[in-house]
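Open the model in your viewer and keep the selection panel at hand. The stops below go from one selection to the next.

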Amino acid sequence: MWNIIHILLGALIGKEINSYFLVFIIALVTHFLLDHVPHWDGDYGKEGFFKGKGFNVRKGLILFYVCLFLIGAFITLKLTLKENNPRILFGALISASPDLANLFYKNKNKYYQKYLNFHTKIQREARFLVGFPLQLLITLVLIFLLVR
Ligand SMILES: [Zn+2]
C-alpha cells in the first residue's frame, strides 16, 4: 500500500484518538490491515525480495513514492503544527514504520527476517487499473477527512 496512505491514516488516528497507547496499537494494526487490501505497488521485485535479494524497483517508481511520501509528510507536519497536536505526527510515524523497517532488509537477524516474510506475505496485489484508482481514492478521502 502507498506510504502516503499509511502516513495519512496514522495522522488521522492521532488526530481523532486522545491516547498515545491506543494511537500506537491502532496505527500498527491498521497498517497491516491496509496492506491486505488488494492494491497496486508497482513491480518492486517481490519474488526477489522474498528470496532475500532485496528490492528491484524502477527509478520512476522510486520518484513516485518519494513524492507521495513528501506530500504525506507535508500534510502531517502542517496539521501537527496547526492543531498543536504531536499525536498526529506520532500516529503517522507509527503507521509508516512497518514499511520503513523494510529498508534494513539486508539485516539477517532471524526475527527481523521472519517479520519481513510476514509483511511480504500479507500483501495483496491488484492490477494497475484497479489498484491505482482505489489507492488514489483512499488518499483523497483521507486528505478530506484530515483537513475538513
Ligand atoms: Zn506495509
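Which residues have the most contacts inside the largest nonpolar core? Select I5, L8 and A11: these have the most contacts inside that core, which has 21 residues. A nonpolar core here is a set of buried Ala, Val, Leu, Ile, Met, Phe, Trp, Tyr and Cys residues joined through C-beta atoms within 7 Å. α1, α2, α4 and α5 each supply at least two residues of this core, and the largest share, 8 residues, comes from α1.

Before going on, note that this is a predicted model, in which local features need pLDDT of at least 70 and side-chain atom pairs count only at pLDDT 80 or more, while totals for chains, interfaces and linings use all residues. Residues are numbered from 1 along each chain as its sequence is written.

**Whole chain**

Colour by secondary structure. The protein has 7 helices and 0 strands; helices (H or I, at least four residues) and strands (E, at least two) are DSSP runs, numbered from the N terminus. Of the 148 residues, 24% are buried, meaning that 20 or more other C-beta atoms, placed from the backbone, lie within 10 Å of the residue's own. Among contacts with a separation of 6 or more, 78% join residues 24 or more positions apart; two residues are in contact if their C-beta atoms, placed from the backbone, lie within 7 Å.

**Helix α1**

Select residues 3-16. The end C-alpha atoms of α1 are 20 Å apart, which agrees with the 20 Å that its 14 residues should span at 1.5 Å a residue. The expected span is 1.5 Å times one less than the number of residues. Because 12 of its 14 residues are buried, α1 is largely enclosed by the rest of the structure. The buried residues include H6, G10, G14 and K15. Now show α2 (20-35), α4 (59-83), α5 (86-100) and α7 (128-147): the buried residues of α1 pack against these helices.

**Around L8**

Which residues does L8 touch, not counting those up to four places away in sequence? Show G72, I75, T139, L142, I143 and L146.

**Helix α4**

Move to α4, which has 25 residues and reaches 36 Å from its first C-alpha to its last, close to the 36 Å expected. Pick out G72, I75, T76, L79 and T80, which are buried in α4. The cover over the buried residues of α4 includes α1, α5 and α7. End at N84, which follows α4 and has a positive phi, near 45 degrees.
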